[in-house]
Amino acid sequence: MQNTKSPWFVVERSEALASWLLTSRKDVRVRNEKKNDDGVDLLVEIDLGVHSFPNLFVVLVKGTLSSDTAQWNDTLSQQFPNGSGSFSLPACLFVVNVRTNEAQYSWIAEPVVDKDTAELHFDTDGHFQPLNIDAVNEIVDRVRVWYERLPNHLKHRTS
Amino acid sequence: MNSDDIGERGQWLFCLLMTELCGRDAPLFRPRFLGDKFPTFDYLVEVVDHPTYYFFVQVKATTQGYTKDPVRLKIQVSVEDVVRMVSCPAPTYVAGIDSESGNGFLLSVNESRGPVPSLITKFPINCDHLQLLRDEVCDYWSTRNMVLEGSHFRE
């Protein structure tokens, strides 16, 4: 979701930092999807071993030279004027300040589970939290739990 | 994590370290990835504002850490790669990346030498050394006349 007017180093640094943070988990692989021009920057795979299909989620990356979170929320609402409901996978927005290397994240399609449900809650207001290795662990763990519950959810919906 | 994954993390870290703003409005360098099949080198790095000034880098990443005494990063560069780097008509460097800590280190490989069994940690990739590197590369190119004069194929 990088603005094409962003300087090259804002785009490249933000995606490099996002990729590096995500792969601090040894079970995570990152594919750069920018070439597809569909708004998705990174497709993230959570490796479950050679016999299992990986859990997937999407990360949109926004690089910035500003620490002003109000600007980030504006960017988010401009990106999704009609909501973010088009995602069928869990999705996050990472905002990276390339001057300080500090990053924040907000769910866009948030995985929410209950006993028999696994839903995505869509949020374009932006509830940003600090992005660090602990946050990456939490994101990955929530995505894994969502995929674990998804078969139950689908079974209940079809029965 | 396999060696490809470690290598990718090393490349991301290398780009981050080389493009640190260091209080400026723009980085000093722009790394250009050469592709997985390019021999010996991983990046052609341009000097920002002087795109005709550049150098080549081989990036080696490790999760193995350091030797103890002396403290050196546990990466290796083969003699074949060293020979190719020395024969290159542009400045060439090895960048060793500790992909656990996020630190990177530079080594010039422009003069004849043997293989690199481990990497000296005297030259961390930080703001001071980025400026020194820029000066070194600019000095190298600015003292050479790279214009091909009297070509057979001129109009």
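Let's start in chain A of this predicted model, where Asp27(A) and Arg144(A) form a salt bridge, with 3.8 Å between the closest N and O atoms. Asp27(A) counts as buried at 16% relative accessibility, whereas Arg144(A), at 29%, is partly exposed.

Now look at Arg25(A), which pairs with Asp141(A) at a closest N to O distance of 3.2 Å. Arg25(A) is in the loop between α1 and β1 and Asp141(A) is in helix α3, so this bridge ties together parts 116 residues apart in sequence. Arg25(A) is buried at 13% relative accessibility, while Asp141(A) is partly exposed at 37%.

Next, hop across to chain B. Arg30(B) meets Glu12(A) in a salt bridge of 3.0 Å, N to O. Since Arg30(B) lies in strand β1 of chain B and Glu12(A) in helix α1 of chain A, the pair joins two chains. Here Arg30(B) is buried, at 18%, and Glu12(A) is partly exposed, at 33%. Over all chains, the whole structure holds 11 salt bridges.

So what about a buried charge with no salt bridge? That's Asp98(B), whose nearest side chain of opposite charge, Arg9(B), is 8.2 Å away. Asp98(B) lies in strand β5 of chain B, residues 92-98. Its side chain does make a polar contact of 2.9 Å with that of Tyr66(B). Beyond its neighbours within four places in sequence, Asp98(B) also touches residues including Leu13(B), Thr62(B), Leu73(B) and Asn103(B).

Conventions. Residues are numbered from 1 along each chain as its sequence is written. Chains are lettered from A and ligands numbered from 1 in the order in which they are written. This is a predicted model: local features need pLDDT of at least 70, side-chain atom pairs count only at pLDDT 80 or more; totals for chains, interfaces and linings use all residues. Side-chain values use heavy atoms; hydrogens and water are left out. Helices (H or I, at least four residues) and strands (E, at least two) are DSSP runs, numbered from the N terminus. Buried means under 20% relative accessible area, exposed over 50%, partly exposed in between (1.4 Å probe, protein chains only). Lys and Arg count as positive and Asp and Glu as negative; His and the chain ends are not counted. A salt bridge is a side-chain nitrogen of Lys or Arg within 4 Å of a carboxyl oxygen of Asp or Glu. A polar contact is a pair of N or O atoms within 3.5 Å; within protein, one must be able to donate a hydrogen and the other to accept it, and residues adjacent in sequence count only if both atoms are side-chain atoms. Contact means heavy atoms within 4.5 Å.
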